[in-house]
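Hello,

Please open it first, and then read my notes below with the model beside you.

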Amino acid sequence: MTMPSASFSPSGGSASGSVLVVDDDPDIRELIIAQLERESFAVRAAGSVGETLTALEEAPADVVVLDLNLPDGDGLNLCRDLRSRGYADAIIMVTARDSAIDRVLGLELGADDYLTKPFEPRELLARVRNLLRRIGSNESGAEALARPRNARFAQFGPWKLDLLLRRLVTGDGRLVMLSSAEYRLLSRMVEAPNQVLGREALSPERKATVAFDRSIDLQISRLRQKLAAEKGGADLIITVRSEGYVLAANVTYE
């Protein structure tokens, strides 16, 4: 499927984060892209539900800027579908629908923020930065508390978690790839082994909405399937009813 527009930061410098702009209006799309590219974000674009799914399958995005009125579907349904598939990165809904019901519904379906059209591009930029800052501070803060400086691997049960390349490694060196969401969940459990972690602790970047959807349950299920591929890995993640999940293993670093 051909993307209607796809571009990356032209500066050649390090990107501030990756953003997928989803809007069927090419003028609005280009306006948002231009604003974000000036700030060194790596930006891609999609004009429909189908193109959005294809783009995210090709590569994740730190933030999805999502219009609700798309030619082949509704952005609300797309947001719900992404969360049900385990997509855990940030979503900002951008729409002309300005009723309180629409805003609440959007947040309940998994959006992290909601911006009403027309909007000032600098306001969108500020919200994207804010979400990226929240995600980054949550990750770096949790890791700094428990991970020894310069540690490359966290070992638990029969597995190693590669903290640099964000993937699982078996005892004989075989690799198992993780999605961004799976890595974040597992790394938070690794930093707090043998402790019950609730949904907000596992997904603090989505604190406002995490209680309303089941995406974490699906991500945990996928992690369990991957961990169970090694002998001794099937029972590493335990469910504590009405409280959360536990990584039932001691963790060492190397």
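Predicted model: local features only at pLDDT ≥ 70, side-chain atom pairs only at ≥ 80, totals over all residues.

**What I found**

Strand E8 (residues 153-156) and strand E9 (residues 159-162) are joined by four bridges and run antiparallel.

What does its charged end sit over? The charged end of Lys 160 sits over the ring of Phe 153, at 5.4 Å from the centre of that ring. As for pairs of aromatic rings, the count comes to zero.

Now follow the chain onwards. E9 is joined to E10 by four bridges, and these two strands run antiparallel. Here Asp 162 has Arg 167 in E10 as its bridge partner. E9 and E10 form a hairpin too, with four residues between the strands; in this hairpin Arg 166 takes a positive phi near 60°.

Next comes E11. Three bridges join strand E10 (residues 167-170) to E11, and the two run antiparallel. Across this pairing, Val 169 stands opposite Leu 175 in E11.

In what order do the five strands of this open sheet stand? The order is E11-E10-E9-E8-E14, with antiparallel pairing. Strand E11 (175-177) and strand E14 (252-253) stand at the edges with a single partner strand each, so one side of each has no neighbour in the sheet.

Thr 170 lies in strand E10. Is Thr 170 buried or exposed? Its relative accessibility is 3%, so Thr 170 counts as buried, the cut-off being under 20%. Leaving aside neighbours within four places in sequence, Thr 170 is in contact with Pro 158, Trp 159 and Glu 230.

The other residue is Tyr 253, which lies in strand E14. Tyr 253 has a relative accessible area of 24%, so this residue is partly exposed. How many residues apart in sequence are Tyr 253 and Gln 155? They are 98 residues apart in sequence, while their C-alpha atoms are 6.0 Å apart in space.

Helix H6 (residues 180-191) has twelve residues. From its first C-alpha to its last, H6 reaches 17 Å, close to the expected 16 Å. H6 is mostly covered, with eleven of its twelve residues buried. Among them are Tyr 183, Leu 185, Leu 186, Met 189 and Val 190, and also the residues Glu 182, Arg 184, Arg 188 and Glu 191.

Finally, here is the wider view. The protein chain has eight helices and 14 strands. Of its 254 residues, 49% are buried. The chain exposes about 12,000 Å², and carbon and sulfur atoms supply 52% of that area. Among contacts between residues at least 6 apart in sequence, 63% join residues at least 24 apart.

Best wishes

Terms used:
Residues numbered from 1 in each chain as written. Heavy atoms only, no water. Buried < 20%, exposed > 50% of the residue type's maximum accessible area, 1.4 Å probe, protein only. Contact = heavy atoms within 4.5 Å. Areas by Shrake-Rupley, 256 points an atom, 1.4 Å probe, with all protein chains shown as cover. Expected span 1.5 Å × (residues − 1). Phe/Tyr/Trp six-rings, centres within 6.5 Å; stacked < 30°, edge-to-face > 60°. Lys NZ or Arg CZ within 6 Å of the ring centre and 35° of its normal. Pairing = 2+ DSSP bridges.
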